[in-house]
Amino acid sequence: MRFDILTLFPAIFPGYLGESLLEKGIRRRLVEVHVHDLRNWSRDKHHKVDDRPFGGGPGMVLRVEPVVEGVEEIRGRTRDPGRLILLTPQGKRFDQRYVRELATSNRLILVCGRYEGFDQRIIDILKPEELSIGDFVLNGGEVAAMVVIDAVIRLIPGVLGDATSSIDDSFSREEDWIEFPQYTRPRTYRDHGVPDVLLNGNHEEIAEWRRAHAARRTERLREAE
Ligand code: SAM
């Protein structure tokens, strides 16, 4: 799967791309991530891509030309134009169902905003899907882009060491399914032990305990809503 990220801050990404599952996915050629500096499409000699808002007000707005022209050029670089996603706080809320849907694509193009956000004509011209990672405002779309990549790559076959490990993940079976509690060594820590059933080697009993505890957690989530 190929990701293209358009950003004003490409230096944010190398650390994240070089670690853990994503690094392995890239090394095994299951995932490709291309980071593009939006300033490459600036027409300004100082590589500016933002300007003051018409009508006045605080902050700066991302100009239409670098974003539209950057996206058009990047989209045209492969035969598959991919799915174009603008990270915005007013976009469709990201959840596991959305993750599953995105994981069926071969290519995602993620455009990160900054400052006061995008000139509206970027949305009118490119007609992207707008995706929000939650009802709060970040300083930029870069962290949101990482959230999208992080969630989607878990569902790409071969990325997780054990292909079954995403099956029991929270939100994976049903929309509000929560995974059962997990324990590892030591068996006791500060008087807190591990439930005996997990140590007895009886797979049926363990599966039943996990089902019951997952159901309890799921119920608690429903009540909290
Ligand atoms: N003035 C904008 C507003 O009120 O909608 C907020 C702009 S925000 C400071 C700058 C950029 O961060 C946005 O253009 C977007 O790319 C990103 N961003 C902020 N919050 C986000 C969220 N919840 N989900 C996805 N992207 C977000």
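**View A. Phe171 in its loop.** In this predicted model, phenylalanine 171 sits in the loop that runs between H6 and S8. Look at the backbone here: phi is positive, about 70 degrees, even though phenylalanine 171 is not a glycine.

**View B. A cis peptide bond at Pro186.** Here we zoom in on the bond joining arginine 185 and proline 186, which is cis, with omega at about 5 degrees. Proline 186 belongs to the loop between helix H6 (142-153) and strand S8 (188-189). Phenylalanine 171, from View A, is also placed in the loop between H6 and S8.

**View C. The largest pocket and its lining.** The largest pocket has a volume of about 400 Å³. Its lining is made up of 23 residues, and the ones closest to the pocket centre are Leu87, Thr88, Pro89, Gly117 and Leu138. If you go by secondary structure, strand S5 (83-93), helix H5 (120-126) and strand S7 (129-132) each put at least two residues into this lining. S5 gives the most, with four residues.

View E. Start with leucine 87, where a polar backbone atom is 2.6 Å from an oxygen atom of the ligand. Phenylalanine 136 also uses its backbone: an N or O atom there lies 2.9 Å from a ligand nitrogen atom. With glutamine 90 it's the side chain that takes part, with a polar atom 3.4 Å from an oxygen atom of the ligand. How much of the ligand does the protein bury? On its own the ligand exposes 580 Å², and the protein buries 83% of that.

Conventions
Residues are numbered from 1 along each chain as its sequence is written. This is a predicted model: local features need pLDDT of at least 70, side-chain atom pairs count only at pLDDT 80 or more; totals for chains, interfaces and linings use all residues. Side-chain values use heavy atoms; hydrogens and water are left out. On a 1 Å grid over the protein atoms alone, a cavity is a set of points where a 1.4 Å probe fits but cannot get out, and a pocket is an open set with protein on both sides within 12 Å along at least five of seven lines; lining residues have an atom within 4 Å of a point. Grid points are joined across faces, edges and corners, and a volume is the space filled by probe spheres set on the points. A polar contact is a pair of N or O atoms within 3.5 Å; within protein, one must be able to donate a hydrogen and the other to accept it, and residues adjacent in sequence count only if both atoms are side-chain atoms. Accessible areas come from the Shrake-Rupley method with a 1.4 Å probe; for residues, only the protein chains shown count as cover.
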